[in-house]
Amino acid sequence: MKTSAILLMAGSSIRFGNLKNKNFYEINKKPIFLYSLDIFYNHKMIDEIYLVVKNDEYEEVSEIINFNYNNNTVY
């Protein structure tokens, strides 16, 4: 049996009060969403990870993931 994780990133960030999605805001030169993704990615019981993103943010997320991960477990 496979165990999947889902990271929801398609919010509007209106309450965050920033012009871009808060998931791309950086802490220590690292986008916020990578902190959560790292936990899922390194968890021994998680086999695959799905990210839910807006269409217009797909390319940016893909570039960040391709730069940080060399594995096909993130979709």
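Mentor: Gladly! Let's start with accessibility: a residue is buried under 20% relative accessible area, exposed over 50% and partly exposed in between, using a 1.4 Å probe and protein chains only. The model is predicted, so local features need pLDDT of at least 70 and side-chain atom pairs count only at pLDDT 80 or more, while totals for chains, interfaces and linings use all residues. Residues are numbered from 1 along each chain as its sequence is written, and side-chain values use heavy atoms, without hydrogens and water.

Now to the helix pair. Helices here are DSSP runs of H or I with at least four residues, strands are E runs of at least two, and both are numbered from the N terminus. The crossing of H1 past H2 is right-handed, that is, the near helix is turned clockwise from the far one by less than a right angle.

Which residues of H1 and H2 meet? From H1 come Phe33, Leu34 and Leu37, and they meet Val61, Ile64, Ile65 and Asn68 of H2 (contact means heavy atoms within 4.5 Å). By class, this contact has six nonpolar residues, one polar and no charged ones.

Of its 15 residues, Met9, Phe33, Leu37, Leu51, Val61 and Ile65 touch the most other members. Strand S1 (4-8), H1, strand S4 (48-52) and H2 each give two or more residues to this core. Look at methionine 9: leaving out residues up to four places away in sequence, its contacts include Phe33, Leu51 and Val61, along with Asn21, Asn23, Val52, Val53 and Glu57.

In S1 you will find alanine 5, which is buried at 5% relative accessibility. Beyond its neighbours within four places in sequence, alanine 5 is in contact with Phe40, Ile46, Glu48, Ile49 and Tyr50. Its C-alpha atom is 9.1 Å from that of tyrosine 41, 36 residues apart along the chain. Isoleucine 46, in the loop between H1 and S4, is buried too, at 18%. With sequence neighbours within four places set aside, isoleucine 46 is in contact with Thr3, Ala5 and Phe40. The C-alpha atoms of isoleucine 46 and threonine 3 are 5.0 Å apart, although 43 residues separate them along the chain.

Tyrosine 58 in H2 counts as partly exposed at 48% relative accessibility, and its C-alpha atom is 18 Å from that of glutamate 48, 10 residues apart along the chain. In the loop between strand S2 (26-27) and strand S3 (30-31) sits asparagine 28, exposed at 71%, with a positive phi near 55°. Lysine 29 belongs to the loop between S2 and S3; lysine 29 is exposed at 79% and has a positive phi of about 65° although it is not a glycine.

Conventions:
Nonpolar A, V, L, I, M, F, W, Y, C, P; charged D, E, K, R; others polar. Core = buried A, V, L, I, M, F, W, Y, C linked by side-chain atoms within 4.5 Å.
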